[in-house]
Amino acid sequence: MKKVAFFDTKQYDREWFDRLDKSFEIKYFEEKLNPENADLAAGCDAAIAFVNDTINSKTIKILAENGVEILAMRCAGYNNINFKAAHENNLKVVRVPVYSPYAVAEHTMALFLTLNRKIHKAYSRTRDFNFSLSGLTGFDLHGKTIGVIGTGKIGQIFIKICQGFGMRVIAYDPYPIENPSFEYAELDTLYRESDAISLHCPLTEENHHLLSKEAFEKMRNGVYIINTSRGGLIDSEALLEALKSRKVAGAGLDVYEEEAALFFEDCSDTIVDDDVLARLVSLPNVILTSHQAFLTEEALKNIAEVTIGNLEDYFAGKPLKNEVCYSCTNGCATTDCN
Ligand code: NAD
């Protein structure tokens, strides 16, 4: 039986993999994969990793030297992998391109609604029997404009949800879909016309800090920013300044630039050595969730099924429909290999 090293294990992952998998001997490790612990995979034929693992050239070399032939990402994104090193070390990489775009799109709307209708504040107040309404005024979504950056699987579902609320949708994507039910526009127009902006594109070298100081300056006063994609899409310092100046009325962030460095399982004793994060968290109009947008029963089941299927295909010598390779990431980063 092939052996698999499973990194960054959470109880909810293990439940689904144990329930569904009969083909592999899985060794579960709580550690996030990085160069210091990649040798835990010694003797394993495959490794399973996740979004915040450090899969740089060192990690990849150690995995390959220890017999790992394939790295199965149990997520859609792959910006944390050095594909050149994977190519040079003959390490295959597969992923789960879709597990539940609904999960992420619905969480995005949850963040937006919470921010706009101040549910987080109301919840705290009423638990103290404080029924004051002051400071809780929101606005109707109906008739407002939402700017959506990235109109792939998640972006399109989020757009439908927004349309259900009667919002006007304006979107930007370098690869627009055919016959959209919404308008496409250049980024400057989207910035200028949107009451809220939601990010649904992958993080690449080109769009790192897409939402920069200059981008915030082009936006409407009092815009809301929602990010359930990748933290690096937003310059956190620039966001903090934009929040302080009230240019941005509120931010709902499921992802954050430095999230990989944070220990989310039990932060109760952690002193967060990240001044920008500490200041963002302290603001009443910022809501942070810890990269949980994907976290539904349906998504976890799909992640386990597709990851196991990817490994079964590889060891059975079948074509890898969910492979991401070096050339993909150099030219066709949004499409699968096959
Ligand atoms: P997708 O590949 O279906 O769609 C991404 C879209 O972004 C594509 O249409 C692509 O053309 C577009 N795009 C690429 N570069 C762009 C740019 N510079 N500006 C605007 N658009 C650009 O991906 P998806 O399944 O919709 O996922 C979107 C992102 O959501 C992923 O890249 C990932 O970072 C994030 N995600 C987050 C979670 C979470 O739990 N928070 C879970 C899954 C995915």
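Two strands pair if DSSP finds at least two bridges between them.

**View 1. Pairing of strands S1 and S3 in the predicted model.** Strand S1 covers residues 3-6 and strand S3 residues 46-49. The two run parallel and are joined by 3 bridges. One of the residues involved is Phe6, whose bridge partner in S3 is Ile48.

**View 2. The open sheet of 5 strands.** The strand order is S2-S1-S3-S4-S5, with parallel pairing. Strand S2 (25-28) and strand S5 (92-94) stand at the edges; each has a single partner strand, so one side of each is left without a neighbour in the sheet. On average, neighbouring strands of this sheet are turned by 20 degrees against each other, direction ignored.

**View 3. Helix H11 across the sheet strands.** Helix H11, formed by residues 297-315, lies across S1, S3, S4 and S5. Relative to strand S4 (70-73), helix H11 runs at about 160 degrees.

**View 4. Residues around the ligand.** The ligand has 24 residues around it, and Lys153, Ile154, Asp173, Thr228 and Asp254 come nearest. By class, the residues of this shell are 11 nonpolar, 9 polar and 4 charged.

View 5. On its own the ligand has 860 Å² of accessible area, of which the protein covers 89%.

How values were computed:
Residues are numbered from 1 along each chain as its sequence is written. This is a predicted model: local features need pLDDT of at least 70, side-chain atom pairs count only at pLDDT 80 or more; totals for chains, interfaces and linings use all residues. Side-chain values use heavy atoms; hydrogens and water are left out. A residue is near a molecule or strand if one of its heavy atoms lies within 4 Å of it. Accessible areas come from the Shrake-Rupley method with a 1.4 Å probe; for residues, only the protein chains shown count as cover. Ala, Val, Leu, Ile, Met, Phe, Trp, Tyr, Cys and Pro count as nonpolar, Asp, Glu, Lys and Arg as charged, and the others, Gly among them, as polar. Helices (H or I, at least four residues) and strands (E, at least two) are DSSP runs, numbered from the N terminus. Axes are lines fitted to C-alpha atoms, for helices over the stretch in contact, and angles run from 0 to 180 degrees between N-to-C directions. Contact means heavy atoms within 4.5 Å.
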